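Some labels in a structure report rest on a number and a cut-off.

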Amino acid sequence: MSALRLVWTFFKVGVMGEAAYRVNFVIQLFQSLLGLVTALGGLAVVFTYTDTLGGWRADEVVALVGVYILVGGVIGVVIQPSMEALIDVLARDELR
Amino acid sequence: MNGLAGVYRQQMKTSFAAMLQYRAALVIWLISQVLDPVIYLIVWTTVTAASGGEVGGYSRGDFAAYFLALMLVNNITYSWIMHEYEYRVREGTLSAALLRPVHPIHADIADNLSSKMISTPMMLVLAISLGFIFRPEIRLVPWALAAFVPAVALAFVLRFLIEWTLALAAFWTTRVSALNQTYYVALLFLSGQVAPLSLFPGFVQAIGLALPFRWMIAFPLDLLLGNLTVGETLVGFGAQMAWIGVGLVLVRVAWRAGVRQYSAVGA
C-alpha cells in the first residue's frame with residue numbers, strides 16, 4: 001500500500017513541522033480555550049433567561065458544542081491544513 | 001489641509017478600483033457580517049417564544065429591531081486593519097508606505113471609508129429585506145435619530161483608533177492572531193453583539209461601562225432604537241470623547257515606538 005505509506009510520511013512531516021514551533025502550539029491552545037469560553041459564555045447568557053432552547057436543555061446544548069468542537073478539531077487536523085496549503089500553492093503557481 | 005484632501009481623494013479612487021476587482025469577496029464578506037446577528041436573533045426569538053413573549057423587557061419585535069440595526073452599526077464602525085498589519089510588517093510592504101509624506105493612517109482611513117460607501121448601502125438593503133422576515137418593532141425618536149449620526153461617526157473614529165493601535169502589535173510580534181482573537185471576544189460580549197447589554201449580569205455591565213467596547217457599537221445602536229434618555233446620551237458622548245482622546249494618544253505613542261522597532265529589525 002504505497003498510498004498509505006505516503007499518507008504516513010506526510011503525517012510525520014506535518015508533526016515535525018508543528019513541533020518546531022512550540023510557542024505557536026501554546027498560542028493555539030490559548031485560542032482554542034478562548035473559542036470555548038466564547039461558546040459557553042454565549043450559552044450562559046441565553047440560559048439565564050430560559051431552561052430550554054427549542055426543546056434542548058442547557059447540558060444537552062453544551063454536549064452539542066463539545067461534539068461540534070471535536071469534529072472541528074478533526075477537520076482542523078486532517079483536512080484544513082492541506083486545503084489551505086493547496087490554495088497557497090495555486091495562488092503562487094507552484095503546482096506545475 | 002488641501003493637500004490632505006487630495007491624498008484622500010486619490011487613495012479612495014485606488015481603493016474603489018481595487019474593490020471592484022474583488023466583487024465576490026465583497027459578497028462573501030457581507031454574508032459573514034449578516035450571519036452572526038441572524039443566528040443570535042433566531043436564538044433570542046426562540047427564547048422569547050419560550051418565556052411568554054418577553055425577555056428582560058425585549059419583545060420578539062424588539063430583538064428583531066436590535067439585531068437588524070446591529071448589522072448596520074457594526075458595518076459602519078468595522079475595520080479589518082488588525083488582520084492586515086501582520087502581513088504588512090512581515091512582508092515589508094509597510095516600507096513603501098513609510099516613504100510617503102503623510103502618516104500611513106490616512107491611507108487606511110480613506111480605504112475604510114471608500115469600502116463603507118459601497119458596503120453600507122448594501123447592508124441597508126439586506127437589513128430591510130431581512131426586516132420582512134423578522135418583522136422588527138421600530139419606534140423612532142426624532143431627537144435620538146439626529147443624535148445617532150454623530151454618535152455612530154464617533155463610534156467609528158473610536159473603534160478605528162483602538163484597532164489601529166492594536167494592529168501595531170505586529171511590530172513586536174508576528175503572532176498577532178491571539179491578541180486579535182482576545183480583542184474580538186471582548187468586543188463580541190461587551191459591545192452587545194451577543195445580546196443587548198441590559199440582559200447581562202450586573203458585574204458584566206459594570207465592566208462594560210469602564211471599557212471602550214460599549215461606546216463603539218451598543219451606544220449608537222441604543223440611540224438609534226430610541227432606548228436612551230437625554231442624560232444617558234450625554235454620558236455616552238462624554239465616554240466616546242474621552243476614549244477617542246485616549247485612542248489618539250495611544251496611536252501616537254505606539255506608532256513612534258513601533259516604527260523605531262521596525263527600522264531596528266532592518267526590514
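Q: How many salt bridges does a search of the whole structure find?
A: This is a predicted model. Over all chains, the search finds 9 salt bridges.

Q: Why is the pair B:Glu84 and B:Arg88 called a salt bridge?
A: The rule asks for a side-chain nitrogen of Lys or Arg within 4 Å of a carboxyl oxygen of Asp or Glu. The side chains of B:Glu84 and B:Arg88 meet at 2.8 Å, N to O. That is within 4 Å, so the pair counts as a salt bridge.

Q: What separates B:Glu84 and B:Arg88 along helix H4 of chain B?
A: The two residues are 4 residues apart in that helix, which means about one helical turn lies between them.

Q: Is B:Arg88 buried or exposed?
A: Buried means under 20% relative accessible area. B:Arg88 has 14%, so the residue is buried.

Q: What makes B:Asp62 and B:Arg139 a salt bridge?
A: Their closest N and O atoms are 3.6 Å apart. The limit is 4 Å, so the pair qualifies.

Q: Which parts of chain B does the pair B:Asp62 and B:Arg139 tie together?
A: B:Asp62 lies in helix H3, residues 60-77. B:Arg139 lies in the loop between H6 and helix H7 (142-167). The pair therefore ties together parts that are 77 residues apart in sequence.

Q: How do you know whether B:Asp62 is buried or exposed?
A: Its relative accessibility is 14%. Under 20% counts as buried, so B:Asp62 is buried. B:Arg139, at 45%, counts as partly exposed.

Q: Which residues of chain A are linked in a network of salt bridges?
A: A:Arg57, A:Asp59 and A:Glu60 are linked in this way. Within it, A:Asp59 pairs with A:Arg57, with the closest N and O atoms 3.2 Å apart.

Q: What lines the largest cavity?
A: The lining includes B:Trp80, B:Glu84, B:Arg88 and B:Phe160. Helices H4 (81-91) and H6 (104-134) of chain B each supply at least two lining residues. By class, the lining has 3 nonpolar, 2 polar and 4 charged residues.

Methods. Residues are numbered from 1 along each chain as its sequence is written. Chains are lettered from A and ligands numbered from 1 in the order in which they are written. This is a predicted model: local features need pLDDT of at least 70, side-chain atom pairs count only at pLDDT 80 or more; totals for chains, interfaces and linings use all residues. Side-chain values use heavy atoms; hydrogens and water are left out. On a 1 Å grid over the protein atoms alone, a cavity is a set of points where a 1.4 Å probe fits but cannot get out, and a pocket is an open set with protein on both sides within 12 Å along at least five of seven lines; lining residues have an atom within 4 Å of a point. Ala, Val, Leu, Ile, Met, Phe, Trp, Tyr, Cys and Pro count as nonpolar, Asp, Glu, Lys and Arg as charged, and the others, Gly among them, as polar. Buried means under 20% relative accessible area, exposed over 50%, partly exposed in between (1.4 Å probe, protein chains only).
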